[in-house]
Amino acid sequence: MPMSRILTVAAAQLGPIQAAEPRTSAVARMVRLMERAHRRGVELVVFPELALTTFFPRHYHEDIAEADLWFEPSMPSIETAPLFDAARRFGIGFHLGYAERAGTRRFNTAILVAPSGEIVLKYRKVHLPGHAEFDPARRVQHLEKRYFEVGDLGFPVIEAPMGTLDGINMGMMICNDRRWPEAWRVLGLQSVELVMLGYNTPTTNQDAATQAGAAFEAPHLRVFHSHLSVQAGAYQNATFAVATAKTGIEDGCELFGHSIIVNPQGEIVAQATGRGDELITADCDLDQCRLGRTSIFDFARHRRPEAYERIIDQVGAISPPRFIPR
Ligand code: ING
């Protein structure tokens, strides 16, 4: 019987960050969550998407350069250094989502940081929801296509030490990515064992309310869809997943929480219940990935890429041929 490979992880859910809240305040809140995590023996902490500021894509800036105040020109920086110091002090790795400015390029980015404070992996969000121009019909804008470029790093997986373990296969995605099975499968095809993702998801769908005739999406379904996406992604790729929310009311817009930790069977093993800063933890036995990976989801034995061409060849859906009765 192989030794179990236990990693104690935490989703460090954040309550609202108001537009006026300085980064130093958000960072101080996150350091307090890392201290709490350390007291619970946590070895890896997953913070949300865009964890340093309010979810600014809800605000319209005519001049993109005006939005630069929401971006990090360097990582670490003076404001974020306390997170890296805490990682070293507590011997804890962490995942952080933030708005990255790389020269003239802007991305919705996440990094994985080792307990040494070294950046182990970086990911730039590929699936950018919402729109690029101001939409007068929307009560709240969702301008990720305006402020961010599509990520250019693919969906990378790295094997790196974490906690007491010599090597864990870790990968990331961000928010809307979790709704796209392709993102999970690209990570699964690299033998990922732990997927980290942060999200900022409004409680009510600002989209549907504005598209005439769009079916109304009840708020309870918003959480169901979020959980369904993460549970399916974890199960179908035999991986653990930590999905961490920024939640609460920011600038009058409510984001839902319900952060979860999911095992390779698709079971929710921990769930947040509040609307503020909250730490949920779980012991993840990474050898649980072995069952799915060597049976139902043994990709080498069962996948048939020759039948999947449409997934690569097409972007949008086409209309099917019509049945003509004889
Ligand atoms: N937020 C939302 C998300 O994908 C969204 C946007 C919500 C799109 C609901 C579609 C339906 O969770 C981000 N930041 O991607």
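Which residues lie nearest the centre of the largest pocket? I began there, and I found Pro181, Glu182, Ala183, Ile311 and Ile312 nearest the centre of the largest pocket, among the 22 residues that line it.

Before going further I noted that this is a predicted model, in which local features need pLDDT of at least 70 and side-chain atom pairs count only at pLDDT 80 or more, while totals for chains, interfaces and linings use all residues. Residues are numbered from 1 along each chain as its sequence is written, and side-chain values use heavy atoms, with hydrogens and water left out.

**Pocket and cavity**

I wrote down the terms before the values: on a 1 Å grid over the protein atoms alone, a cavity is a set of points where a 1.4 Å probe fits but cannot get out, a pocket is an open set with protein on both sides within 12 Å along at least five of seven lines, and lining residues have an atom within 4 Å of a point. Grid points are joined across faces, edges and corners, and a volume is the space filled by probe spheres set on the points.

I looked up the volume of the largest pocket, which holds about 700 Å³ of space. Its lining divides into 13 nonpolar, five polar and four charged residues, where Ala, Val, Leu, Ile, Met, Phe, Trp, Tyr, Cys and Pro count as nonpolar, Asp, Glu, Lys and Arg as charged, and the others, Gly among them, as polar. Helices α4 and α8 (309-313) each supply at least two residues of that lining, and α4 gives the most, with five residues; helices here are DSSP runs of H or I with at least four residues, strands are runs of E with at least two, and both are numbered from the N terminus.

I then turned to cavities and found one of 30 Å³ or more. About 50 Å³ of space lies in the largest cavity, and of the ten residues that line it, Phe55, Val140, Gln141, His142 and Pro202 are the closest to its centre. By class, this lining has five nonpolar, three polar and two charged residues.

**Helix α4**

Which residues of helix α4 are buried? In α4 (residues 181-188), I found Ala183, Trp184, Leu187 and Gly188 buried, that is, under 20% relative accessible area, with exposed meaning over 50% and partly exposed in between (1.4 Å probe, protein chains only). These residues cover an arc of only 135° around the axis, so they are on the same side of α4; the arc is that of the directions from the helix axis to the C-beta atoms. I set beside this the general point that an α-helix has 3.6 residues a turn, so residues three or four places apart point the same way.

**Backbone**

In the loop between β2 (44-46) and α2 (81-90) I placed Pro76, whose peptide bond from Met75 is cis, with omega near 0°. Leu50 is in the loop between β2 and α2, and Leu50 has a positive phi of about 45° although it is not a glycine. Is Leu50 buried or exposed? Leu50 is buried, with a relative accessible area of 1%. Ser191, in the loop between α4 and β8 (194-199), also has a positive phi, near 60°, but Ser191 is partly exposed at 35% relative accessible area.

**Aromatic rings**

How many aromatic pairs does a search of the whole structure find? I noted eleven aromatic pairs, where rings of Phe, Tyr and Trp (its six-membered ring) pair if their centres lie within 6.5 Å, and planes under 30 degrees apart count as stacked, over 60 as edge-to-face and the rest as tilted. One of them joins Phe47 and Phe94 edge-to-face, at 6.4 Å centre to centre and 65° between the planes. Phe47 lies in the loop between β2 and α2 and Phe94 in strand β3 (residues 93-102), so the pair ties together parts that are 47 residues apart in sequence. I found both Phe47 and Phe94 buried.

I also recorded Tyr60 and Phe134 as an edge-to-face pair, 5.4 Å centre to centre with 70° between the planes. Tyr60 is partly exposed at 29% relative accessibility, and Phe134 is partly exposed at 44% relative accessible area.
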